Amino acid sequence: LVVVEHDSATIRRADHLIDLGPGAGKDGGEVVFAGALGDRGSSPTLLALSAPTSQHSERTRRKIPAKAATTGWLRIGGASANNLKGFDVAFPLARLTVLTGISGSGKSSLMRGVLKPAVESKLKKPAGQKKKTSVKNSPSFRSISGVATIAAVYEVDQSPIGKTSRSCPATYVKVFDEIRKLFAQVPEARVRGFDAGRFSFNTEGGRCEVCRGNGRIKLEMNFLPTTWIDCDACRGARYNDATLEIRYHGTTIAEVMAMSIAEACDFFDAHSKINTTLRLLRDTGLGYLSLGQPSPTLSGGEAQRIKLVAEIRKGQTRHRTALMKGATNPGGNLYLIEEPTIGLHATDVSNLLGVLQTLVEEGHTVVVIEHNTDVMAAADYLIDIGPGAGADGGRIVAKGTPEQVAKSKRSHTAPFLREVL
């Protein structure tokens, strides 16, 4: 039995480990350890397994507002979507809250079926958008309060970010637009009359018309699977020769799109619009991806982290715009994230937690559905749903700080949480 896994409990039970690395992407591809867990070695995985299980403690955790306080809480009455039993629930504002419980207990129902529509029903909608949902007519909740300080809701789920090879990390997080503007400002590009559109591989003009900007040609063969080969005309570069003659700091647009996110972060160090987004991608552990990597080749975890960065940047842009318009207190955002650690190594989990904690420090409220005990231990507040799945779930089993939930005798999460606290 051969298993690809990041779960520490599974790794510890293995008879034989093969650890690949030492890094990701171009920095990986080597066997850095092979043997039993007790054998000598110093690979990133072995170091993570030997490190303290949690760096978080009650002493370092943010304080939770008093339960009776009229402010500091987002309160929802009568949560009853799917298997939820019509309970009242409260989320501390400007804190990291983690929803826990066994699979099928009702976590997604609470987040996506109750919390998101409830908050959106109270937010002011810009002119032209549909009229907000009436709380009284909503079947999934009875009441909601504490939304006044929330400016917007951003949900990060696990759906793919693109189905075609023309979609890539750079296009999804919008840095491609800024990169194309820089190339259009190169003196030679201005002399030739090349605008930003010239440097897009999605439109005619600058792209290679043989492969239509794909960089590859699709071959349909009888009785054999469809295959792809590099385009002979552009040699996989996606652009025509005239476009590739334009160089920004000695680099063509094709060479930029072939850069890893970490390399591009250094290359565009002087351009804050581009660099800020790339740093967020790098800090979530995606520095090894290339800017132009086709979206269909990304894993679910990679796609979700790219979506997280895109939503964070949307929130930052909205906040900056509000300040420019004279708002003295634009309010924080509500970020809803579903199981972001799927497919992540312990090192990546640590990087992801750093990004989430930074969001909270900036005054935003972050609610995460998670099974990873390190994320649970890093939370300010836990809401454990259960005790079982389906009809046997849908209730709040325990709530409070991780230390308080760990003491619960009814929670299936508590025994595992005690191991890392």
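Residues are numbered from 1 along each chain as its sequence is written, and side-chain values use heavy atoms, with hydrogens and water left out. Because the model is predicted, local features need pLDDT of at least 70 and side-chain atom pairs count only at pLDDT 80 or more, whereas totals for chains, interfaces and linings use all residues.

**Helix α5**

Begin by selecting residues 175-184, which form α5; helices here are DSSP runs of H or I with at least four residues, strands are runs of E with at least two, and both are numbered from the N terminus. Of the 10 residues of α5, 7 are buried, so this helix is largely enclosed by the rest of the structure. Buried means under 20% relative accessible area, exposed means over 50%, and partly exposed lies in between, with a 1.4 Å probe and protein chains only. Colour Val175, Phe176, Ile179, Arg180, Leu182, Phe183 and Ala184 to see the buried residues of α5. These residues pack against α4 (169-172), α6 (187-192), α8 (253-257) and α10, where contact means heavy atoms within 4.5 Å.

**The aromatic cluster**

Next select Phe183, Phe194, Phe199, Tyr248, Phe267 and Phe268, which form one aromatic cluster. The structure holds 10 aromatic pairs; rings of Phe, Tyr and Trp (its six-membered ring) pair if their centres lie within 6.5 Å, and planes under 30 degrees apart count as stacked, over 60 as edge-to-face and the rest as tilted. The rings of Phe183 and Tyr248 have centres 5.8 Å apart and planes at 50°, so this pair is tilted. This pair links distant parts of the chain, since Phe183 belongs to helix α5 and Tyr248 to the loop between α7 (241-244) and α8, 65 residues apart. Phe183 is buried at a relative accessible area of 0%, and Tyr248 also counts as buried, at 10%. Tyr248 forms a further aromatic pair with Phe268, stacked, with 6.4 Å centre to centre and 15° between the planes. Because Phe268 lies in the loop between α9 and α10, this second pair ties together parts that are 20 residues apart in sequence. Phe268 is buried, with a relative accessible area of 0%.

**Helix α10 and its partner α11**

Now select residues 272-286, which make up α10, and among its buried residues find Ile274, Leu278, Leu281 and Leu286. What covers the buried residues of α10 includes α5, α9 (261-267), α11 (300-324) and α12. Keep α10 and α11 in view: they pack at an angle of about 140°, with their axes 10 Å apart. Axes are lines fitted to C-alpha atoms, for helices over the stretch in contact, and angles run from 0 to 180 degrees between N-to-C directions. On the α10 side the meeting residues include Lys273, Thr277, Leu280 and Thr284, and on the α11 side they include Glu302, Ile306, Val309 and Arg313.

**Two cysteines**

Turn to Cys211 and Cys234, and ask what separates their sulfurs. The sulfur of Cys211 is 3.7 Å from that of Cys234, the closest cysteine sulfur, which is too far for a bond. A disulfide is a pair of cysteine sulfur atoms within 2.5 Å, and the structure holds 0 disulfides. Cys211 counts as buried at 4% relative accessibility, and Cys234 counts as buried at 3%.

**Two last stops**

Select Leu219, in strand β8 (residues 216-219), which counts as partly exposed at 31% relative accessibility. Leaving aside neighbours within four places in sequence, Leu219 is in contact with Thr226, Thr227 and Ile229. The C-alpha atoms of Leu219 and Asp232, 13 residues apart along the chain, are separated by 13 Å.

Finish at Thr341, in the loop between β10 (332-338) and α12 (346-361), where this residue is buried with a relative accessible area of 9%. Not counting residues up to four places away in sequence, Thr341 touches Val349, Leu352, Glu370, Asn372 and Val375.
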